Amino acid sequence: MNSDRSSSTSPLKRTHTESESESEYAAYLGVGSDALAFPPRLKDEFQTDFCKLLLSGNCAFRLAEAPYWRYFFTKWIPGSELPSRQAVSGRILDAEADRVVEGMKIHLQGRYGTGQSDGWKSISKASIIASMVNAEYDPYILHSHDVTEQPKTAENLLKIVDAEIDFCEKVLNIILAAWCTDGGGDCAKMRRLLRAKRPDLATPHCWSHQIRLTVGDYLKAKLPVVGVLDVALEVIKWFNNHTGALALLRQEQQRQYGRVLALFRPVPTRWTSHYLSGDRLIETEDAMRVCIVTSKAKLVTCAGKERSQVEKAKNLLGKLEEPLFWSLLREARTHLEPLAIACNATQGDNARLDVVLVTLGNLYHVYSDTSRFDETRDLYILAIVLNPFLRLAPLRKNNPLFTCQSLWQMFKRNYIRMIEMPTPADVTALYAAFIEYLSGIGEWSDEAMGLEEIAQMAEHSGNPINMMTIWRGIDTHDVSGANGLVKFALRLFAIVPNSAGVERLFSLLGIVQTKHRNRLGVEKSRKVVLVKAHINRTHGTG
């Protein structure tokens, strides 16, 4: 009897307390218990902001109809009315996505940019081709296309890219300088077809992918120093799969370092993970070796009772006791570190052509396959030359390729391809401007171009120097003559030879389209990411 009475009265007491709280809050706000609904304009704005709140927190649309969510908003925001899940994921999301695109039209008009595209397979096994545009080092989402039922050919990919180029040039009014993809077969052929159709566009392949392929080639080498990485992977897996052994290691880490360092395996989609995984294992060397010396019997016991498990544990622990294992692992880290740095340098949104060429120069002994430059080699060299902080300094002086006359011929043929065929008078003016620029005299001197002040402002702000800002600052807006050098430099430095931005887009799509939300369509997922990217750009990511 007592227990029945207790269970029946408890909810009534709790409801009474909540009701009193609601009345107190309503009085605090100066509204009655039956608050008036928001006026139509305020209601629309509230529901739009509610949609953006869901998107920024990666929340499912169904939460709009979750009973406690509705109770919470009714209690704490009197007069608010949550939209239905259909309205949030349909009408409201579509309207906000349209607003974002309208804002892009205003912000991107007249800017230079590089198009990027790549392929991805979603959680629902749909084959997606997504595109972005890097507008002066700021990435913007374009469209995504479900090509699951289409043949995966270069011709079909070219149709998609053609449509995206039209959208960039005719709708967003961007001055496209290049289109970049990875080096896969269909993508490479598509770029050849695009180059034949649009010779004014540069078509570099993604250098962050190329660096990743270089890491893959290194990992396939039949060398002891590479083989030790397989042993390191087995060590990481063994400790992570045996909680008792991992607990002993963590205790020793806590004693030595005052913190716990996690062991993690490299994954193909994280391009620097092989280096980071090995580096982390080396960080734990002291703790691991002491743990083996003091608790080897316990570690073996943690492996299990079967003979094979015990033998495997003894074999792995024995290798960890050998100095040769750690010396080889350090050597492998030495090999992988410059590639990891190169990968980070080339996958950034501001990875210009000159950044790529300088990075490859540093990797010469590891990455010496210059054939991958193909016919775009000139542009990488010109990007070095037209960087006013570098000019001719990095180039070997006794190389015939880098004389002023050779560089002029290189500049002229690419100017004709990417800008226009100059008149004889323009050629004379361009030649004089180019030679004076190489010499750093007159209007092209460091002082006239304001390089020292620009460098100081960049150092003060902590941001990298923006080449587009430097060249736009001396643009006289003439369409010919000496200002052609400025026009060419603007187009050249707008080229970002990577499609890593699209890879990051796929990561965002993967967060949106999860196993629990696998019925989200391709277009709806794109709109979610589009609006969320705008929110993050406006309010930050925290």
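The following legends describe close-up views of a predicted model.

**View 1. The largest nonpolar core and the surroundings of L281.** The largest nonpolar core comprises 94 residues. F239, L281, M288, W471 and L485 have the most contacts inside this core. Apart from residues up to four places away in sequence, L281 touches A232, V235, I236, L263, M288, F325, W326 and L329.

View 2. E45 is joined to R41 by a salt bridge in which the closest N and O atoms are 3.2 Å apart. Both residues belong to helix α2, which covers residues 40-56. E45 and R41 are four residues apart, about one turn of the helix. E45 has a relative accessibility of 40% and therefore counts as partly exposed. R41 counts as exposed because its relative accessibility is 61%.

**View 3. A salt bridge between distant parts of the chain.** E169 and R198 form a salt bridge, with 2.9 Å between the closest N and O atoms. E169 lies in helix α5 (residues 154-171), whereas R198 lies in the loop between α6 (185-197) and α7 (207-219). The two residues are 29 residues apart, and the pair links distant parts of the chain. With a relative accessibility of 25%, E169 counts as partly exposed.

**View 4. A buried salt bridge and a salt-bridge network.** R352 and D354 meet through their side chains in a salt bridge, at 2.9 Å from N to O. Both of these residues are buried. Elsewhere, a network of salt bridges links D49, K52, E96 and R99. The structure holds 28 salt bridges. Side chains of opposite charge can pair when their charged atoms come close.

View 5. N134 is part of strand β2, which spans residues 127-135. The relative accessible area of N134 is 0%, so this residue is buried. Leaving aside neighbours within four places in sequence, N134 is in contact with Y112, G113, T114, Q116, P139, D349 and V496.

**View 6. A nonpolar surface patch.** Y68, F72 and W76 form a nonpolar patch on the surface. Together, the three residues have about 330 Å² of accessible area. Y68 is located in helix α3 (residues 67-76). Y68 is exposed because its relative accessible area is 56%.

**View 7. Helix α21 and its packing.** Helix α21 consists of 13 residues (500-512). From its first C-alpha to its last, the helix reaches 19 Å, close to the 18 Å expected at 1.5 Å a residue. A500, G501, V502, L505, F506, L509 and V512 are the buried residues of α21. These buried residues pack against β1 (112-121), β2, β3 (139-146), α7 and α22 (522-539).

View 8. Most residues other than glycine have a negative phi. N173, a residue other than glycine, has a positive phi near 55°. N173 is placed in the loop between α5 and β4 (175-180). At 34% relative accessibility, this residue counts as partly exposed. R391 also has a positive phi, near 50°, and lies in the loop between α15 (377-385) and α16 (404-418). R391 has a relative accessible area of 7% and is therefore buried.

Methods
Residues are numbered from 1 along each chain as its sequence is written. This is a predicted model: local features need pLDDT of at least 70, side-chain atom pairs count only at pLDDT 80 or more; totals for chains, interfaces and linings use all residues. Side-chain values use heavy atoms; hydrogens and water are left out. A nonpolar core is a set of buried Ala, Val, Leu, Ile, Met, Phe, Trp, Tyr and Cys residues joined through side-chain atoms within 4.5 Å. Buried means under 20% relative accessible area, exposed over 50%, partly exposed in between (1.4 Å probe, protein chains only). Contact means heavy atoms within 4.5 Å. A salt bridge is a side-chain nitrogen of Lys or Arg within 4 Å of a carboxyl oxygen of Asp or Glu. Patches are made of residues with over 30% relative accessible area and no salt bridge: like charges are joined within 9 Å, nonpolar side chains (Val, Leu, Ile, Met, Phe, Trp, Tyr) within 5 Å. Accessible areas come from the Shrake-Rupley method with a 1.4 Å probe; for residues, only the protein chains shown count as cover. The expected span of a helix is 1.5 Å times one less than its number of residues.
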